[in-house]
Amino acid sequence: DAPQKVQLTVLFTEIRGFTKFTSAASATTIIKALRAIFEHIHEMVYACGGMVDKHLGDGLMAVFGLGGEGGPAAGVECMRRIVEAYPSISVATGVEGVADLRLSVGLAAGEVVLGVLGSKQRSELAIIGNPANLSARLQEFTKVALSNEAGRELLGEFPHAMGVCTPDLADGITGFSTVDLPQDVRVRDFDTLDQVCIIRA
């Protein structure tokens with residue numbers, strides 16, 4: 001199909017502390033933990049009308065709005081479900097140490113370019129644009145809550161899972177809180193973003 005511009009909502013997840021976990025766990029244990037966590041996340045993504053686009057080591061990328069299915073509201077609902085369910089999911093893996101790992105989720109929406117990239121050896125659907133970049137950066141931004149006391153005071157405690165999205169997506173939705181970012185705290189590569197919406201579990 002020809003490349004096209006479409007409106008999509010993009011969700012990124014990543015497991016915090018997984019690199020340290022892998023250094024002490026066996027290969028079988030590592031894959032067992034990831035499979036158990038991803039299986040639950042997959043179920044929630046597809047139940048909300050989304051689609052898992054790719055796995056990225058200890059994280060994944062999902063999209064809402066392809067083919068008219070879902071959209072921003074579906075993405076926000078999926079983020080809420082993932083964050084709220086993660087404490088139970090991590091315990092249910094039955095893998096020692098996984099319950100101590102945290103999950104970050106980022107969500108953003110807007111216009112992206114869809115097109116197939118690769119070669120005759122391997123090709124895949126590429127989703128290019130600010131929403132994909134911003135959702136990845138918002139997921140990464142949760143680290144502020146783990147970095148120091150000031151970060152925890154700003155974003156709140158991060159005991160199990162934290163989701164971050166742009167205020168236009170979740171402002172006023174139950175469970176989400178809007179955080180004003182001080183001038184010296186900005187989402188990487190998105191310096192003009194001065195507010196985010198956060199949900200925690």
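Visitor: Which residues does T166 touch, not counting residues up to four places away in sequence?

Guide: This is a predicted model. In the model, T166 touches L107, L134, L138, L193 and C197, not counting residues up to four places away in sequence. Contact here means heavy atoms within 4.5 Å. T166 itself is found in the loop between β6 (161–165) and α7 (167–170).

Visitor: Why is T166 called buried?

Guide: The relative accessible area of T166 is 7%. Buried means under 20%, so T166 with its 7% counts as buried.

Visitor: What makes the pair of T166 and D168 a polar contact?

Guide: The side chains of T166 and D168 make this contact at 2.7 Å. The cut-off for a pair of N or O atoms is 3.5 Å, so a pair at 2.7 Å falls within it.

Visitor: L138 was among the residues that T166 touches. Where does L138 lie?

Guide: L138 lies in helix α4, which covers residues 130–141.

Visitor: How do you know whether L138 is buried or exposed?

Guide: L138 has 0% relative accessibility. Since buried means under 20%, L138 counts as buried. Other buried residues of α4 include P131, A132, L134 and F141.

Visitor: What is L138 in contact with, leaving aside its neighbours within four places in sequence?

Guide: L138 is in contact with G106, L107, A108, V164, C165, T166, V187, L193 and V196. By comparison of another kind, L138 and R152 are 14 residues apart in sequence and 16 Å apart in space, C-alpha to C-alpha.

Visitor: How do you know what span to expect for α4?

Guide: The expected span is 1.5 Å times one less than the number of residues. Helix α4 has twelve residues, and its expected span is 16 Å. From its first C-alpha to its last, α4 reaches 16 Å, close to that expectation.

Visitor: What makes R137 and D189 a salt bridge?

Guide: The closest N and O atoms of R137 and D189 are 2.7 Å apart. The cut-off is 4 Å between a side-chain nitrogen of Lys or Arg and a carboxyl oxygen of Asp or Glu, so this pair qualifies. The pair links distant parts of the chain, 52 residues apart: R137 is in helix α4, and D189 is in the loop between β7 (177–180) and β8 (195–200).

Visitor: Why is D189 called exposed?

Guide: D189 has 52% relative accessibility. Exposed means over 50%, so D189 counts as exposed.

Visitor: How many salt bridges are there by this rule?

Guide: The count comes to nine. One of them joins K54 and D53, with the closest N and O atoms 2.5 Å apart. D53 counts as buried because its relative accessibility is 18%, and buried means under 20%.

Visitor: Why are E77 and R81 said to be separated by about one helical turn?

Guide: They are four residues apart in helix α3 (residues 72–92), which means a separation of about one helical turn. E77, R80, R81 and E84 are linked in a network of salt bridges.

Visitor: What makes E77 and R81 partly exposed?

Guide: E77 has a relative accessible area of 25%, and R81 has 32%. Partly exposed is the range between buried, under 20%, and exposed, over 50%, so E77 at 25% and R81 at 32% are both partly exposed.

Visitor: Why is S90 called buried?

Guide: S90 also lies in helix α3. Its relative accessibility is 2%, so S90 counts as buried under the 20% limit. A polar atom of the S90 side chain lies 3.0 Å from the backbone oxygen of P87. Leaving aside neighbours within four places in sequence, S90 is in contact with V98 and A99.

Visitor: How many aromatic pairs does the structure hold?

Guide: The structure holds one aromatic pair. F18 and F21 form that pair, at 5.2 Å centre to centre.

Visitor: Why is the pair of F18 and F21 called tilted?

Guide: The angle between the planes is 40°. Planes under 30 degrees apart count as stacked and over 60 as edge-to-face, so a pair at 40° is tilted. F18 and F21 are three residues apart in helix α1 (residues 18–24), about one helical turn. Both F18 and F21 are buried.

Visitor: Which residues touch the most other members of the largest nonpolar core?

Guide: L11 and M79 do, in a core of 38 residues. A second, separate core of 17 residues includes L155, V164, V179 and V196.

Methods:
Residues are numbered from 1 along each chain as its sequence is written. This is a predicted model: local features need pLDDT of at least 70, side-chain atom pairs count only at pLDDT 80 or more; totals for chains, interfaces and linings use all residues. Side-chain values use heavy atoms; hydrogens and water are left out. Helices (H or I, at least four residues) and strands (E, at least two) are DSSP runs, numbered from the N terminus. Buried means under 20% relative accessible area, exposed over 50%, partly exposed in between (1.4 Å probe, protein chains only). A polar contact is a pair of N or O atoms within 3.5 Å; within protein, one must be able to donate a hydrogen and the other to accept it, and residues adjacent in sequence count only if both atoms are side-chain atoms. A nonpolar core is a set of buried Ala, Val, Leu, Ile, Met, Phe, Trp, Tyr and Cys residues joined through side-chain atoms within 4.5 Å. Rings of Phe, Tyr and Trp (its six-membered ring) pair if their centres lie within 6.5 Å; planes under 30 degrees apart count as stacked, over 60 as edge-to-face and the rest as tilted.
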